[in-house]
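Hi,

Here is the structure I promised to send over.

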Amino acid sequence: MDNPPASRSVTSQENFASSNLERLAWIESHPEVSVLIIGGGINGAGLLRELALQGVDALLVEKSDFCSGASAAGSRLIHGGLRYLENREFRLVREALRERNLLLSNAPHYVRPLPVVMPLFDRFSGLWSAAASFVGFAAAQPSQRGTFVVKTGLMLYDWLAGRSSPLPRRRFLSRRQALATYPHLNPCVRATARFYDAQVSHPERLCLELLLDAESLSPKVRAFNYTRVEGLADGCVLLRDELSGRRLAVRPRLVVNAAGPWIDQVNARLNRPTRLIGGTKGSHLVLANPELAAATRGEMFFFTNRDGRICLFYSLDGKVLLGTTDIPVEEPEAECTPEEVVYLLDAVRVVFPSISVSASEIVFRFCGVRPLPFTEGLAPGRISRDHRLPFISPSQTSPFPIFSMVGGKWTTFRAFAEQTATRILTELGRPCRHNSRGLAIGGGKQYPATPMEQKAWLAALSERTGVARDRLSELFERYGTRAAEAANYIAGGVDRPLDSSPRYSLREIEFLCLAEKVQTLEDLILRRTLLGLHGEASLTVISEVAAIAGRVLGWPAGRIEDEITRTAGRLRALHGCAV
Ligand SMILES: Cc1cc2nc3c(=O)[nH]c(=O)nc-3n(C[C@H](O)[C@H](O)[C@H](O)COP(=O)(O)OP(=O)(O)OC[C@H]3O[C@@H](n4cnc5c(N)ncnc54)[C@H](O)[C@@H]3O)c2cc1C
């Protein structure tokens, strides 16, 4: 295999502000495309980068913002999936562990090791349930996992991770050691198991970086948000620009349906009805509870709740992320209900009964639908988390084949995209020229790994741009080596911290608007920054950010107010924010 082609600089003008007019003009001037990818979640984004790498011309369209569906609703774990061993998903676990390790080195700015603690309350419980599931008894309900089951599972997990895994191996603490280490831990505990997985601190940004990388790798690929696939006409796929309402058509040789929970809806629009998805919804809460955050000691607690479901919580910049539920749903979109809030808060008490948690501490909540393969008669926890790629042959009305990217984990997006690209290349009769295994993503490129290297990198950047080192450290933490692009932009004008949220600055927000395909205020609040997730999106904050975005993106009169009203409404309704 050749080395991958060198990327063009992401600061170059063509990646700046993909305005409405520009994207409509691009689609109009490219009415035919080899591959049309529908959906800009992690699977679509991963595939666009693979196709760019192989020199295939491709267009990705996303009806909302990139990474706003299932890919934004996860527990933010980059993990092998210890639990899937019970379901005998060895292939998936081995692949996920390999991809976890690749992401630790290809995206070190966002993917970091996460110590995981499992409190164990019994010696042999879960044995029957795990064994029943292991031998293929599909209806077996998950239950508490005791020391024996967890020890066996972790042994297998470490073995599947291989000797070259960069993360430390499992360790067990006795009851006495565990209670000394975690004083708030439930005194009924018998032992704790500790192992390592990884966490992605900002999945929305990592997904966007894949798209920016794809566009800078090849001029033959483009990704447009707020562009919905509506249907078919004369063998063309009809697109609707959601911001202007304009309609366009493209004629693809091949379509990849990467619409996650919406896959069946999209296939129906393409006149090829399917029943591929059987989604389950999962909710998460972000709590402002300093006592709970401190009690986690920077580790993730991963435990069996009273009903046998796995729950988890870990600290997130001083707050606590708590999840998750697993409830079958018919629709591709779902909301976190009051019952789920009660269920999740109650779960904390299984681990730390002496720490009080309450709904008043919730600063943000989110919910999404897992695009799992349709199955009948399985408990949600037993449905396969592996990916598959069903193929639909061309027909008279839809004269192109359709691949549907069903399921998969965030963790395994690269492997899934690589496998899909290989099938596409075969279909198009093209050779496979490059491989993305060692390809760093976005701000993970040329990443200075050690503290010494980081210090030198920041010093050189400070000298070049005149931006203070403390400020650069903040940008580096947020954007990895893309901090250099941000700093170059910031240095080009008068900057100041935002009045309402001084951790961000005026020119930083401008940079995000111009360089990162921002179309709406919500894109900035929920996905380009962590203002929403951290519960910092007050009315004052979103108003100040809206004013900057409106000026930079040239929003017409009245649009700023509309954006504020819409974003505030959605923050209240979908995320439980007190805006
Ligand atoms: C609660 C929960 C917890 C999870 N936790 C983890 C975890 O910790 N670790 C992990 O590895 N995985 C996790 N996952 C799984 C993982 O997040 C998903 O499997 C993955 O994100 C699916 O990505 P996708 O790109 O297929 O779907 P999506 O991200 O949903 O992307 C599909 C996109 O298609 C777009 N679309 C739909 N219809 C159209 C149309 N007509 N035209 C254009 N675009 C359209 C949608 O707007 C959407 O953005 C979790 C998932 C959930 C829901």
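By class, how many nonpolar, polar and charged residues does the shell around the ligand have? There are 15 nonpolar, 18 polar and six charged ones, where Ala, Val, Leu, Ile, Met, Phe, Trp, Tyr, Cys and Pro count as nonpolar, Asp, Glu, Lys and Arg as charged, and the others, Gly among them, as polar.

A word on the ground rules before the rest. This is a predicted model, in which local features need pLDDT of at least 70 and side-chain atom pairs count only at pLDDT 80 or more, while totals for chains, interfaces and linings use all residues. Residues are numbered from 1 along each chain as its sequence is written, and side-chain values use heavy atoms, with hydrogens and water left out.

**The ligand**

There are 39 residues around the ligand, and Glu-62, Ser-71, Leu-77, Gly-408 and Thr-411 come nearest (a residue is near if one of its heavy atoms lies within 4 Å of the molecule). For polar contacts, the cut-off is a pair of N or O atoms within 3.5 Å; within protein, one must be able to donate a hydrogen and the other to accept it, and residues adjacent in sequence count only if both atoms are side-chain atoms. Asn-43 puts a polar side-chain atom 2.8 Å from a ligand oxygen atom, and a polar backbone atom of Trp-410 is 3.0 Å from an oxygen atom of the ligand. Lys-409 has a polar side-chain atom 3.5 Å from a ligand nitrogen atom.

On its own the ligand has 1,000 Å² of accessible area, and the protein covers 97% of that (Shrake-Rupley method, 1.4 Å probe; for residues, only the protein chains shown count as cover). The elements that give the shell two or more residues are α2 (42–53), β8 (227–233), β11 (280–287) and β16 (362–370). Helices (H or I, at least four residues) and strands (E, at least two) are DSSP runs, numbered from the N terminus.

**Cavities**

Searching the whole structure turns up three cavities of 30 Å³ or more. The search runs on a 1 Å grid over the protein atoms alone: a cavity is a set of points where a 1.4 Å probe fits but cannot get out, a pocket is an open set with protein on both sides within 12 Å along at least five of seven lines, and lining residues have an atom within 4 Å of a point. Grid points are joined across faces, edges and corners, and a volume is the space filled by probe spheres set on the points.

The largest cavity holds about 80 Å³. Its lining includes Leu-97, Arg-100, Tyr-157, Asp-158 and Phe-195, and by class it has seven nonpolar, one polar and three charged residues. α3 (90–106), α5 (147–161) and β6 (191–200) each supply at least two of the lining residues, with α5 giving the most, three.

The second largest cavity has about 60 Å³. Among the residues lining it are Arg-49, Glu-99, Thr-411 and Arg-414. Here α3 gives the most, four residues. Domain 1 (13–70 + 204–274 + 386–428) and domain 2 (81–193) each contribute at least three residues to this lining; the domain bounds come from an automatic or database domain assignment.

**The second largest pocket**

This one has a volume of about 590 Å³. Of its 25 lining residues, Arg-112, Ser-201, Asp-317, Glu-477 and Leu-530 are the closest to its centre. β4 (111–120) provides the largest share of the lining, four residues, and the lining by class is nine nonpolar, seven polar and nine charged. Why does the pocket lie between domain 2 and domain 3? Because domain 2 and domain 3 (447–575) both give residues to its lining.

Most residues other than glycine have a negative phi, and most peptide bonds are trans. Against that background, have a look at two spots. The peptide bond from Gly-323 to Thr-324 is cis, with omega near -10°, and Thr-324 sits in the loop between β14 (319–323) and β15 (327–328). Arg-88, in the loop between β3 (77–78) and α3, has a positive phi, near 60°.

Cheers
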